[in-house]
Amino acid sequence: MGRLSPIQDRIRELADEKDVLILAHNYQIPEVQDIADIVGDSLVLAIKATGTPQSTIMFCGVDFMAESAKALSPEKRVIHPVPGSRCPMAHMVDSESLREFRAGYPGVPVVAYINTTAETKAEVDICCTSANAVKVVASLESDKVIFVPDSNLGLYVQSELPDKEIILWPGYCHVHSDITVEQIEALRNEHPEAKVLIHPECTMDVIRMADKVASTEGMITYARESPAREFIIGTEEGLVYRMRKEIPDKAFHPLENAICPNMKKIGIEDVLKALEEMGPTVGLDPEIIERNRPPLERMLSL
Ligand code: SF4
């Protein structure tokens, strides 16, 4: 951690004093990323949520991420500083509609992107993240797979696994769906040497422009290991702060307007208040927790 402001210093003091692990998603604002113990994508943070000694986890990300941390570590207190920070895509599918939908495909397994509510995860066979979606679907014996809720990610998986039939749900992430071919082309014209990194929540016409399709964590690894010096970052702009900080000798070009308003709802004052009050906490029905663990643990075991 570099030099912190007084409020950030106070947060670190309180977190250590109260035995709180602070996790922050790559799309969080810089001030929040800077006070986190771990910054990462959904997969990294889900793994870290299970294996750390602290008695409390504070999750700076959107609602489903905090819920997954609670499902994986039910004995811990999980704090979500701003409960109104919700992923709209995660709410494009619900348990009842999914039950009805899957009844039309008897015996076909359901893969849920981690961007789903705990109630939805309780209905599915296995979870995935953008980092492991192809691997998860490939691991299933069935030729047909129902994939919810991100139709863009589902189409990308389909393009990588042509022998499978992926049955899609019509959900999408508005931030990634709004990224256009023209935007990428304009940046590529400005920075002809740059490699184009694209998140698989983007549409297929944008994905086809990529030098590398990757999750946010995958983008960082690629940029670190690549001989290239410049990169166009086809995902939410929050990631660029972390890339510039961790890989200072390379250049990263963000997309204008690729901003998730829900991820930005958590401010540094919210984190301080939540630590002082040790809440708001995430409460999940014990039955939902029980039914969330198998699909999440199946994914983590891969
Ligand atoms: S960037 Fe998209 S998928 Fe991620 S939280 Fe925002 S709306 Fe949801």
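Let me begin with how the model should be read: it is predicted, so local features need pLDDT of at least 70 and side-chain atom pairs count only at pLDDT 80 or more, while totals for chains, interfaces and linings use all residues. Residues are numbered from 1 along each chain as its sequence is written, and side-chain values use heavy atoms, with hydrogens and water left out.

The protein contains 15 helices and twelve strands, where helices (H or I, at least four residues) and strands (E, at least two) are DSSP runs numbered from the N terminus. For 302 residues, a compact globule would have a radius of gyration near 19 Å, and the value for this protein is 19 Å, which agrees; that radius is taken over C-alpha atoms, and the globule rule is 2.2 Å times the number of residues to the power 0.38. The C-alpha trace spans about 55 × 55 × 30 Å along its principal axes.

How much of the protein is buried? The share is 57% of the 302 residues, with buried meaning under 20% relative accessible area, exposed over 50%, and partly exposed in between (1.4 Å probe, protein chains only). If we take the contacts with a separation of 6 or more, 62% of them come from residues 24 or more positions apart, a contact being heavy atoms within 4.5 Å.

Turning to domains, whose bounds come from an automatic or database domain assignment, we have domain 1 (6-86 + 263-284), domain 2 (89-172 + 290-301) and domain 3 (179-254). The centres of domain 2 and domain 3, taken over C-alpha atoms, are separated by 26 Å, and eleven residues of domain 2 touch nine residues of domain 3.

I would now like to look at helix α13, which covers residues 238-246 and in which G238, L239, V240, R242 and M243 are buried. Which elements do these buried residues pack against? They pack against α2 (30-35), β2 (38-40), β9 (195-198), α12 (216-225), β11 (230-234) and β12 (251-254). K245 also belongs to α13, but this residue is partly exposed, because its relative accessible area is 44%. From K245 to E225 there are 20 residues in sequence and 16 Å in space, C-alpha to C-alpha.

Finally, there are some backbone details to point out, starting with cis peptide bonds. One joins V148 and P149, with omega about -15°, and P149 sits in the loop between β7 (144-148) and α8 (151-160). Another runs from G279 to P280, with omega near 0°, and P280 is in the loop between α14 (268-277) and α15 (286-301).

That loop between α14 and α15 also holds M278, which has a positive phi of about 55° although it is not a glycine. Is M278 buried or exposed? M278 counts as buried, because its relative accessibility is 14%. D19, likewise a residue other than glycine, has a positive phi near 60° and is placed in the loop between α1 (6-17) and β1 (20-25). With a relative accessible area of 33%, D19 is partly exposed.
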